[in-house]
Amino acid sequence: MTVVSVSMPEELLERIDDFADDHGYTGRSEVVREAARNLLGEFEDRQLEDRKLIGVVTVLFSYETSTVEERMMGLRHEYEGLVTSNVHNHVGDHYCMELFILEGSLESISEFVGRVRATKDTLTVDYSVIPVDGFTPLSHG
């Protein structure tokens with residue numbers, strides 16, 4: 001197996017180690033491998049291909065230590081054909097939440113979620129998608 005070096009904040013590494021201990025993993029590598037498989041598999045759901053979808057993306061970040069809000073607005077404008085609605089809300093004393101409602105293809109939603117996840121300083125990014133032509137819930141969050 002190939003060894004890969006990954007940079008991450010110490011607090012995230014501690015959370016991974018705690019998760020591994022709490023859930024019976026052999027170590028952090030096993031947790032990271034499973035997380036990578038899950039992330040890569042999220043948009044490979046064949047039953048969603050070639051269908052028009054509704055997507056909901058929720059982003060949580062601290063407004064005190066980042067420019068995430070500005071970057072979210074940039075993405076909102078860049079993907080104006082995909083984003084049908086956007087809500088900004090304050091959560092607690094130090095956090096903001098961006099909620100995006102999307103309508104489009106699996107490929108375009110996947111690209112948007114990838115861009116959001118690549119944004120530095122986001123605390124969480126969660127999403128779900130459902131087909132417009134058949135409202136069977138399919139959650140991937």
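I began with Asp 17, which is partly exposed at a relative accessible area of 23%. Partly exposed sits between buried, under 20% relative accessible area, and exposed, over 50%, with a 1.4 Å probe and protein chains only.

I noted what I was reading. This is a predicted model, where local features need pLDDT of at least 70, side-chain atom pairs count only at pLDDT 80 or more, and totals for chains, interfaces and linings use all residues. Residues are numbered from 1 along each chain as its sequence is written, and side-chain values use heavy atoms, leaving out hydrogens and water.

Next I looked up the partner of Asp 17. Its side chain meets that of Arg 28 in a salt bridge, 2.7 Å from N to O. The term means a side-chain nitrogen of Lys or Arg within 4 Å of a carboxyl oxygen of Asp or Glu. Arg 28 lies in helix 2 (residues 28-41) and Asp 17 in helix 1 (residues 10-23), so the pair ties together parts 11 residues apart in sequence. Helices (H or I, at least four residues) and strands (E, at least two) are DSSP runs, numbered from the N terminus. Arg 28 is partly exposed, at 39%.

I counted salt bridges by this rule and got three.

Another one joins the side chains of Lys 52 and Glu 103, at 3.5 Å, N to O. Lys 52 is in the loop between helix 2 and strand 1 (53-62), Glu 103 is in strand 3, and they are 51 residues apart.

I also found Glu 78 and Arg 115 in a salt bridge, 2.7 Å from N to O. Glu 78 lies in helix 3 (residues 68-78) and Arg 115 in helix 4 (residues 106-117), so this pair ties together parts 37 residues apart in sequence.
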